[in-house]
Every structure is written in structure tokens, then in C-alpha cells.
Protein chains: 2
Amino acid sequence: MASDQPLPPGSTIGILGGGQLGRMLALAAARLGFKTHIYCPDAQSPAFEVTPNRTVAAYDDEQALAVFASHVDVVTYEFENVPARTAKFLAELKPLRPGANALAISQDRLAEKAFLTVNRIAVAPFAAVPDHDRLDEALAEIGTPAVLKTTRMGYDGKGQRIVRNDVDAGVAFELLSPKPLVLEGFIEFDKEISVVVARNTRGEIAAFDPAENVHRDHILKTSTVPADIGKKTAREARDIAEKIVTALDYVGVLGVEFFVLPSGRLLVNEIAPRVHNSGHWTEAVCITDQFEQHIRAIAGWPLGDPARMADVVMENLIGDEIGAIPANLAPSIQPHVYGKSESRAGRKMGHINRIGAKSRTK
Amino acid sequence: MASDQPLPPGSTIGILGGGQLGRMLALAAARLGFKTHIYCPDAQSPAFEVTPNRTVAAYDDEQALAVFASHVDVVTYEFENVPARTAKFLAELKPLRPGANALAISQDRLAEKAFLTVNRIAVAPFAAVPDHDRLDEALAEIGTPAVLKTTRMGYDGKGQRIVRNDVDAGVAFELLSPKPLVLEGFIEFDKEISVVVARNTRGEIAAFDPAENVHRDHILKTSTVPADIGKKTAREARDIAEKIVTALDYVGVLGVEFFVLPSGRLLVNEIAPRVHNSGHWTEAVCITDQFEQHIRAIAGWPLGDPARMADVVMENLIGDEIGAIPANLAPSIQPHVYGKSESRAGRKMGHINRIGAKSRTK
């Protein structure tokens, strides 16, 4: 297909990654009449249960990647840590959406912060710590408390340590090095919010309402919509998200996490070039949800309306919490269970959406 | 499992029939964490694209049915013409939901009308026409205009002829016989509505709002919600639907089609022991849609809330009309494309839901 033509129903969407996000993308793609092909090294991947087309192979297996590419019409992914070589290899064979630049930037905290700063988008103060020599310099610049983080492969609180003084800093450095690190100012935020935004091949943009997020043990626990923020803040968050996808010439859905300062000022915490956990509420109450929106965007279809029909609270079910289903299902709860074979502590097993719709008058 | 225990996520739901209804049931089951296994004689079935587990075999292949039963925890179906022997064979191996009695009654127009009449539910006047000798008697009883129908295997207007006089009746009889027939009074209805209702293993019942249906060439074209009927009629339609599932000791989702007479009186036209085309709107705007509701019901889970969050019009895309996707997708349209490989005249290829939600204030 020419890259500016919409992908017709019946085409095949290739998805790198077989976790819950890949699974939910595949379900949305099916509703639009697309076939899906999941590529994942783990043969037990939950996404393998929702399509007959799979490849079980490593992400650096170029033979398997080439065969995979020959079976699909467009390639997307459910996680930002797709190796750069894999992305480059696939992008030469089929359209890769979102593009390799979004991966390169979001894989590296320093590159991400540099990108945001260049685009005049506010982030927490930061300083590169490529080696121990630069640690003191960074501490002097940023001050304490601060957070020392690996620049790559961090998620759910992994790869970071709080630094309250110079001793902490030394310990943290030993624990996290020899990876390249970044020291970030510790932000005394009022709340955390996020915006999920989509942009399609024609440059159309649509942002969902901001969600207010609460973390527990560094893992997202709830997303509440509407967020308890003013209209101006909500508008500004959406504007920043739209600015980011425009600057990246982005295609697909992207998540932007913000700190809201007591002053109401917004700092971008991080961006994720994929459907986002804090956007799972959209499936329950939006005209178009984030999964369908991502597929529409990468297929070159017109974007759908992100309007929300009801208030909602999304709650992640982590580890054994999944046991609440089906026993504790209130009628107004829409559950989503990921079909993972094994429940482990800290593992996201499913989520529920508590929908605050008007009750039907009987 | 004991039949009164809820089926846990990770269990496998067996579905007879691989069309769009089976496909949409499988997608809903996946959201609840279930695996699905589709059984269908047609290797090109669209439902085969949304699960890795399939059986391609005839419905009377008892060896294949036995293997299928051994792989699943509960059996359901997407169409009412499952052969009685197949239903009986499977029901001895695994729970069959809805049960064989619902199939037996809904497969035969005479049995269905007798069941409804016994339960004091109004239907159009009817008379059995088992052979030509009884045709005159039936005409004398019912009068003209009337509709002569086969008692079995009729759908989308197939297997029926309008009879305006005795000559018509003779011609219609020759065209439709030697199948057993039924003569029904021609109803001058004001509109057609339907109610989709669910009942679970514990006897909980939940009905969706009535939809107002418009047919074109005997095929459902649109379902509009809310229906343009009074509250009393809406309440009565829901009450009748609830009475039917109770009388059948039914488990699953069932569709009830009604004629609304100019007086406001309701006659039941027919019932279908499955998710229903006139319930496709629920996927776009209800807290729990008909597909999830069916899976919850047959899995012994609590039913979800059928409340509606917005007004909606569902429109079937028949034959080449599917070409409107994605070109003519307005943002407030939620499309569903069935993934059928070939578009034929009269074939249901997909549907769209036009959602009349309040727009987001930006």
C-alpha cells in the first residue's frame, strides 16, 4: 500500500509484544475487521489467545522478523523497549508506526528530556550522570532531595532510587551503575495526571480527557476521570500532549504523564509511545477507546471521537487481587481480565472500570 | 465444575458457529479472561480469526464434537438451528447454555407460538398447515392477507410468502411445501421493536432498552434507541421478555421481536436464543453489552448493568455497503467489521453505531 492510503479491512496488523496491551490492541483491530499477527519471544503470552497468527522468536532474530514482516501490512508495538536494530530492520520492510524516532526518544530518559526541553515543554530539573565523576557536579546543580535513575529500561519504579543526601547518592550510584544515569530534581507534586493522545497518518489529532493517577508501590493503581483539576490545567495538559505528537510527526496513540505542582504548573514526567495503562478507562466510556484509536491512527483511518459518556474510575488488579473476579463484580463494573496463566506479586493481571453512568429508569 | 459455581477466568468457552455473532462473543469472552474454541464446518469462518482454537467439522460429526467437548468447559452457540442431536450429544458431555429446550422451541415456529400462547403471551393468529388438506381450513380460520411460512429454518425473509387470496395460497403452498408450514395472520403493525434480555445460572435477569427496528428486503437495516414508544409499552415489552426467559429457565442472552399495533398492543413475532442483531447497539453505549452479558450469564457470573449512556442508531452494512469503511467514518461512528473474506448481496458484512453522546467541551 502507499503509505498515505488507508489500510483496508482484511489487512494484517503486526504487533510486537504479547502482553495485555498487545492483546487489547488485537481485540480492537478485530472489531475493525483487521487480522492480527503477534510477535513475542514468550510462548505463554496472553495476546496469543486472541489470534491464530503468532511468531514466537527473539526480537533480534532477523530471519523470524523478515518472515513476520512478510505476513503483515503495518507493524506496531505494545512497549517502548523494542531494540533499535529491530525497529530499523522492520521499518525497511513495512511501515513501522509509531516510527523509530519515537522509540529512540522514549527509550532514553535523557533524550526524552532533551527533546521536551528543546520544544519548550517543562520537565523536572535534570542532569546527566554518565559516570561517577559527574555525580557531585549533578548533585550541586540539582540539589537534594533528588532521584537517580537509569536512562534506559526503567518502568514501574524499577531502575531508580531516591537521593536525600550525598551518602544516599553514593549508595544509589553503586546500585544503579554501570548503566548511564540521570539525576532528577524530586518534585513535590500535588497530583499526577496523564493525557492519552492520538495522531494519524494525515496529521489529525485527538486527545482524551486527562486522568488523575494514583500509584501504589510505584505501580499505577487507579485512574480517575474527570481529574480534579481546573479547566485551564486540563486544557494545558491536552495542548502539551498535542504539541508532543506534532513535534514527533507521530502516528498512533501516545501517553504523556504529568506532575501537577501546587501552583497548578505542569511538568512532563515521561512519555510512552503506545497505548497507556492510564487510558484503559476509555474502553468503558468513550465513543472511541484508545485501542481502537491507535489502530485507526496506524491504519491511516480517520480518528474517532474521544468524547466521554460517563465518569469512571479505572483500578488495576495486581497479583492476587484478580481473585476478586468474578466474585465481587458489582453490576456497574466493567472488568477486563488479561488471561495471564500465572498470578505473581506486582504483576498486572487485569483491571476494572467503575462506571458512574446515570441509571436506567425502568 | 459444579454447575452452580462461576466459571473462573482461564476456562474455555466452546462456541458453535463461526459467523459474526460467534466472533463478537469470542471477543467479549477474551475481555473477561476466557479462552474460546470455535466449532464451525466452514474453514473460512470469520470467528476463526480471533482465537487459536478451532474445529472445522460438520455438526453431526460426533467424533469431532466429542473432542471439542473435551477441550471446553461450557458450550454455547451463535445460531438457533443447531441440530437437536448435536445439542443432545454435547449436553451430555458439558453444560450447554442456553439449554436444548430453548433450541427446540425456537427452531420451530409452531412450537414457539404454542409455548408463547401457553404462557399467555400474545402472538399473531396462526394455524398449522401440515399438508395441503389443511390449507383451506387454515385460510378460513385466519383469513387474508396472511403469511405462509415454513415452520423451520426461516430467516431474513427466507421460507415465507405473503398470501392475499386463495390463488396466492395455492402458489405459496407449492413453493414452500413439502416442509411443514404455518399460516399466520398478516399484522398491520405500527412499528417493530425488540428487547434483548439476559438470565444467568442463578436466575438473575437484566433487559436492555427496547430498540426500534427497520427492515429492508426482509433484513434488519437499523435499530434505534430509544424506540419511539411510550414508557408503558417499553415496560410491557421488557416484562414479556423477562417472562419468556423465566418460563424457559433460560441461561444466556435472548432476543424477542415484537410488533407494536396501532393500539399500542404488543405481539411477539419471534424469539432467538442467542445474541441478537438488534442488540449490536449495546456494544457502543451500554455499561455491559449483550456479548459480555451472554458470556457472564453462561459462565455463572453476576450479570452486568444494561444501562445505556447515550442515544444510538445501529445500521447494518449489507453487501457492498461495507465499502463505506473507512472512507465515510464520521468521528462519532463506532464501526464493527466482521472480517468476511467475500462481500455478497444480502450478506451482513458489518455494522456501525452512530452515537449521539454529548460532545466533550474542550
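Leaving aside neighbours within four places in sequence, which residues is B:N316 in contact with? They are B:I219, B:L220, B:K221, B:N277, B:K348 and B:H351, where two residues are in contact if their C-beta atoms, placed from the backbone, lie within 7 Å. The model is a predicted one, in which local features need pLDDT of at least 70 and side-chain atom pairs count only at pLDDT 80 or more, while totals for chains, interfaces and linings use all residues. Residues are numbered from 1 along each chain as its sequence is written, and chains are lettered from A and ligands numbered from 1 in the order in which they are written.

B:N316 belongs to strand β15 (residues 312-318) of chain B. Helices (H or I, at least four residues) and strands (E, at least two) are DSSP runs, numbered from the N terminus. B:N316 counts as buried because it has 20 C-beta neighbours inside 10 Å. The cut-offs are 20 or more other C-beta atoms within 10 Å of a residue's own for buried, 12 or fewer for exposed, and partly exposed in between, with C-beta atoms placed from the backbone. From B:N316 to B:G159 the distance is 22 Å, C-alpha to C-alpha, at a separation of 157 residues in sequence.

Consider next chain A as a whole. Chain A has 10 helices and 17 strands. Its C-alpha atoms fill a box of roughly 60 × 60 × 40 Å along the principal axes. Of the 362 residues in chain A, 52% are buried. Among contacts in chain A with a separation of 6 or more, 61% are between residues 24 or more positions apart.

Chain A is divided into domain 1 (12-96), domain 2 (125-185) and domain 3 (191-355), with bounds that come from an automatic or database domain assignment. The centres of domain 1 and domain 3 of chain A, taken over C-alpha atoms, are 22 Å apart. Between these two domains, 21 residues of domain 1 of chain A are in contact with 16 residues of domain 3 of chain A. On the domain 1 side, α1 (20-31) and β4 (74-77) of chain A each supply at least two residues. The largest share of that side, nine residues, comes from α1(A). By class, that side has 13 nonpolar, three polar and five charged residues. Here Ala, Val, Leu, Ile, Met, Phe, Trp, Tyr, Cys and Pro count as nonpolar, Asp, Glu, Lys and Arg as charged, and the others, Gly among them, as polar.

Helix α10 (residues 290-298) of chain A has nine of its nine residues buried, so it is largely enclosed by the rest of the structure. Among the buried residues of α10(A) are A:E292, A:H294 and A:R296. A:G300, which follows α10(A), has a positive phi, near 75 degrees.

The two chains also touch each other. In the interface, 44 residues of chain B are in contact with 43 residues of chain A. α1 (20-31), β16 (333-337) and β17 (348-355) of chain B each supply at least two residues of the chain B side. The largest share of that side, four residues, comes from β16(B). By class, the chain B side has 26 nonpolar, 11 polar and seven charged residues.

B:E49 is buried, with 27 other C-beta atoms within 10 Å. Leaving aside neighbours within four places in sequence, B:E49 is in contact with A:A30, A:K35, A:T51, A:P52 and B:G339. B:E49 and B:R23 lie 8.1 Å apart, C-alpha to C-alpha, and 26 residues apart in sequence.

Helix α2 (residues 62-71) of chain B has B:L65, B:F68 and B:A69 buried. These residues are on the same side of α2(B) because they cover an arc of only 100 degrees around the axis, the arc being that of the directions from the helix axis to the C-beta atoms. The face turned away from the buried side of α2(B) carries the exposed residues B:Q63, B:A66 and B:S70. The buried residues of α2(B) pack against β1 (12-16), β2 (35-39), β3 (54-55), β4 (74-77) and α3 (84-91) of chain B.
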